[in-house]
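Welcome, and thanks for opening the viewer. Let's walk through this model together, starting with the whole chain and then zooming in.

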Amino acid sequence: MFKKAAVVGAGTMGRGIAFAIGVKGIEVTLQDINEEMLELSKDYIKKQFEISIEKQKITEEEAAKNLEKIHYTTNLEEAAKDADIVIEAVLELMDLKIELFKKLDDITPSHTILATNTSTMSPTEIAAATNRPGQCVALHFFNPVPKMKLIEIIRGLETSDETMQKALQFGELIGKECVQINEFPGFATSRMNCLIGNEAMNMVMEGVGSVEDIDKAMKLGLNHPMGPLELADLVGLDTRLRNMEYLHQTLGEKFRPCPLLVKYVKAGRLGRKSGKGFYDYSAKK
Ligand code: NAD
């Protein structure tokens with residue numbers, strides 16, 4: 001049923017999703033408007049295959065074969081025209097996602113499922129831009145995709161039972177665990193996670209503790225696998241700010257983005273991807 005997939009947007013998430021699909025031997029094309037992002041994705045995906053071989057999750061022969069099944073292009077039509085499922089992972093901007101879904105609706109065959117990897121936004125609103133809202137769904141992957149087991153499947157207002165079933169089958173096919181969530185801003189995970197991260201940022205701003213100590217307190221005291229500030233750096237502070245802005249707009253005051261987060265993004269401190277966020281990564285590059 002899922003012979004070919006396309007992933008649109010080759011940033012932090014898109015490249016991870018393309019790897020998660022490709023490593024299982026499913027043909028996948030990764031598309032981005034930015035050639036440099038595609039080049040970076042190629043290196044990233046190659047590295048992920050090496051890690052999988054080291055961990056004996058895949059043999060060298062299988063890795064070589066599956067690596068060949070991952071394609072890269074700047075041409076959306078080429079990527080999506082014969083895909084059974086398309087997963088959109090572009091910036092968290094509603095207008096951009098709507099514009100893309102309209103194009104995908106025109107390009108793809110009538111059976112294709114159109115999925116968004118949005119962290120917070122309404123799959124119903126995105127689906128309404130298409131003539132196939134029943135075949136639209138959100139598949140929310142987690143960062144880093146190769147390591148993180150979960151896909152949060154979000155059912156929009158018009159998402160059909162058949163699409164939900166197929167989304168579950170797709171998740172299983174690529175070896176992920178799934179939860180089914182009814183649409184509400186921020187779903188189950190981002191709503192909680194953004195609030196924790198924002199509170200940690202407010203605590204840094206208020207001088208409650210150092211970045212390191214706040215993260216350490218959450219890890220060793222509350223058993224979080226990562227501190228909320230190192231996690232925000234991994235997500236990308238620009239992406240996190242867009243998430244917070246959307247949640248603030250839809251869910252109200254308690255989601256007001258921490259002013260320190262706003263200031264960091266203005267300064268170009270975007271976390272790991274820019275070399276500096278709450279932590280400094282420049283020495284590790
Ligand atoms: P990112 O900024 O790392 O990458 C976005 C990519 O989209 C860039 O490579 C950009 O060139 C590309 N792009 C922009 N416009 C495009 C277009 N019209 N067509 C094709 N490509 C285009 O963003 P990200 O962090 O990977 O986030 C992508 C999506 O995934 C967002 O909706 C975000 O909320 C969601 N998400 C992010 C995380 C995370 O931890 N970063 C986790 C889960 C979900």
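Begin with the protein chain in cartoon view: you will find 12 helices and eight strands. Its radius of gyration is 19 Å, close to the 19 Å that the globule rule gives for 285 residues, so the chain is as compact as a globular protein of that length. Keep in mind as you go that this is a predicted model.

The accessible area of the protein chain is about 14,000 Å², and carbon and sulfur atoms contribute 52% of it. Buried residues account for 48% of the 285 residues. Colour by charge, and you have 36 positive and 41 negative charges, with mean positions 4 Å apart.

Time to go inside: select residues 228–235, helix H10. How many of its eight residues are buried? Eight of the eight are, so helix H10 is largely enclosed by the rest of the structure. Show the side chains and you will see Leu229, Leu231, Leu234 and Val235 among the buried residues, and Glu230 and Asp233 are buried as well.

What covers the buried residues of H10? Select helix H1 (12–22), helix H8 (189–205), helix H9 (211–222) and helix H11 (237–251), which are included in that cover.

Notes:
Residues are numbered from 1 along each chain as its sequence is written. This is a predicted model: local features need pLDDT of at least 70, side-chain atom pairs count only at pLDDT 80 or more; totals for chains, interfaces and linings use all residues. Side-chain values use heavy atoms; hydrogens and water are left out. Helices (H or I, at least four residues) and strands (E, at least two) are DSSP runs, numbered from the N terminus. The radius of gyration is taken over C-alpha atoms; the globule rule is 2.2 Å times the number of residues to the power 0.38. Buried means under 20% relative accessible area, exposed over 50%, partly exposed in between (1.4 Å probe, protein chains only). Accessible areas come from the Shrake-Rupley method with a 1.4 Å probe; for residues, only the protein chains shown count as cover. Lys and Arg count as positive and Asp and Glu as negative; His and the chain ends are not counted. The place of a charge is taken as NZ of Lys, CZ of Arg, CG of Asp or CD of Glu. Contact means heavy atoms within 4.5 Å.
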